[in-house]
Amino acid sequence: NTPCDFSGLQPEQKILDTLMLQTVLTDLKDTTTKLVVVSKTRSLEAIQAIYEQGPRAFGENRVPELVEKQAQLPKDIQWHFIGHLQTKKVKHIAPFVHLIHSVDSDRVLEEINKQAERNERVIDVLLQFKIAQEDSKYGFDWKSADVFLKSERFQHLKNIRVVGVMGMATFTDNKDQVQKEFKTLHQIFDRLQSNHFQAVESFKEISMGEDISVNLTLKAVSSRSERWRLQHHVFNEAGKLAAEINVYGAWIDLQKRKLATPQEHYHKLFLNLSINFAIQLIPSN
């Protein structure tokens, strides 16, 4: 159960077109992998366009945005919550959420059970484990999860169903480390299945999350440029260029209402943007 982040791809940009998406769906047809389209920050129109091509599972990481979209989009969409979930916000998604990927504490799990009971539902959840070497990542460790799952508190939770585990790998270019962390998550899944969910058929999901860094060369053509271009390259796992996005702009002197060269400190700031874009300054003709 691996979320696929298409959140940066809009139909009007012609990056995720019908052929590409249908190819993905065809490749997954005879596998146990489920496609979850991460639709965070995307417009209703963009999500609707992807929905009409077949996908029914969409993932959001912010509660207010999820609630707004759920109210306006087709009711057969299976909404996955993939962000950090605060207990005070559980009640807003409890009436409809299909799967919560990010249950990182017993307190959150108990609140989900409470709100599910109020809505006369059983909500599927994944237990999030901290497998990354980063303080910014949340989750159970093996000991705390094992103790809680053996407790009477857990046995009283009748309105949640633990269907698997989730883990976020370290944000790094070191693929060996990422693979090691995902291997750890799989080992945790196997231990949980053996020790706590041996006879539970629904316990079968492993959601592996990875922040992907695209490192691109910064190209400064001229320090006297009035125009600029942001260029974003998206590569697939084989290293082949899958898409290219170009955004053009210009430095404008609003008082003089004409093109102008940027002040030195703005120019330096622009060149040092640490985002997934290559910045090319285009010299004036």
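Leaving aside its neighbours within four places in sequence, which residues is Asn-113 in contact with? The list consists of His-156, Leu-157, Lys-158, Asn-159 and Ile-160, where contact means heavy atoms within 4.5 Å. The structure is a predicted model, in which local features need pLDDT of at least 70 and side-chain atom pairs count only at pLDDT 80 or more, while totals for chains, interfaces and linings use all residues. Residues are numbered from 1 along each chain as its sequence is written, and side-chain values use heavy atoms, with hydrogens and water left out.

Of its 285 residues, 42% count as buried. Here buried means under 20% relative accessible area, exposed means over 50%, and partly exposed lies in between, using a 1.4 Å probe and protein chains only. Among contacts between residues at least 6 apart in sequence, 59% join residues at least 24 apart.

Back to Asn-113, which lies in helix H5. Asn-113 is buried, with a relative accessible area of 6%. A polar atom of its side chain lies 3.2 Å from the backbone nitrogen of Lys-158, and the backbone nitrogen of Ile-160 lies 3.5 Å from a polar atom of that side chain. A polar contact is a pair of N or O atoms within 3.5 Å; within protein, one must be able to donate a hydrogen and the other to accept it, and residues adjacent in sequence count only if both atoms are side-chain atoms. Leu-157, another contact of Asn-113, is found in the loop between H7 and S7. Leu-157 is buried too, at a relative accessible area of 11%. Leaving aside neighbours within four places in sequence, Leu-157 is in contact with Leu-109, Glu-110, Asn-113 and Phe-148. From Leu-157 to Glu-110 there are 47 residues in sequence, yet their C-alpha atoms are 7.0 Å apart in space.

The next element to look at is strand S6. Seven of the seven residues of S6 are buried. Ile-123, Val-125, Leu-127 and Phe-129 are buried on one side, and Asp-124, Leu-126 and Gln-128 are buried on the other. In a regular strand the side chains alternate between the two faces of the sheet. S6 runs parallel to strand S5 (residues 99–103), joined to it by three bridges; two strands pair if DSSP finds at least two bridges between them. In this pairing, Ile-100 stands opposite Val-125 in S6. The chain passes from S5 through H5 to S6 in a right-handed β-α-β crossover, meaning that, with the strands pointing away from the viewer, the path from the first strand over the helix to the second runs clockwise. S6 is also parallel to strand S7 (residues 160–168), with seven bridges joining the two, and Gln-128 stands opposite Met-166 in S7.

A nonpolar core is a set of buried Ala, Val, Leu, Ile, Met, Phe, Trp, Tyr and Cys residues joined through side-chain atoms within 4.5 Å. Of the 49 residues in the largest one, Ile-112 and Phe-129 touch the most other members. Helix H8 gives the most to this core, with six residues.

Trp-142, Ala-145, Asp-146, Phe-148 and Leu-149 are buried. Seen down the axis of H6, these residues fall within an arc of 165°, so they line one face of the helix; the arc is that of the directions from the helix axis to the C-beta atoms. On the other side of H6, Lys-143 and Val-147 are exposed. The cover over the buried residues of H6 includes helix H5 (106–118), strand S6 (123–129), helix H7 (152–155) and helix H8 (175–195). At the N-terminal end, Asp-141 caps H6, with a side-chain oxygen 3.3 Å from the backbone nitrogen of Lys-143. In H2, the buried residues are Ala-46, Ile-47, Ile-50 and Tyr-51. Seen down the axis of H2, they fall within an arc of 140°, so they line one face of that helix.

Thr-41, in the loop between strand S2 (35–38) and helix H2 (44–51), has a positive phi near 70°. Glu-120, in the loop between H5 and S6, has a positive phi near 55°. Most residues other than glycine have a negative phi. Thr-41 is exposed, with a relative accessible area of 56%, and Glu-120 is exposed at 75%.

Technical notes
Helix = DSSP H or I, 4+ residues; strand = E, 2+ residues; numbered from the N terminus.
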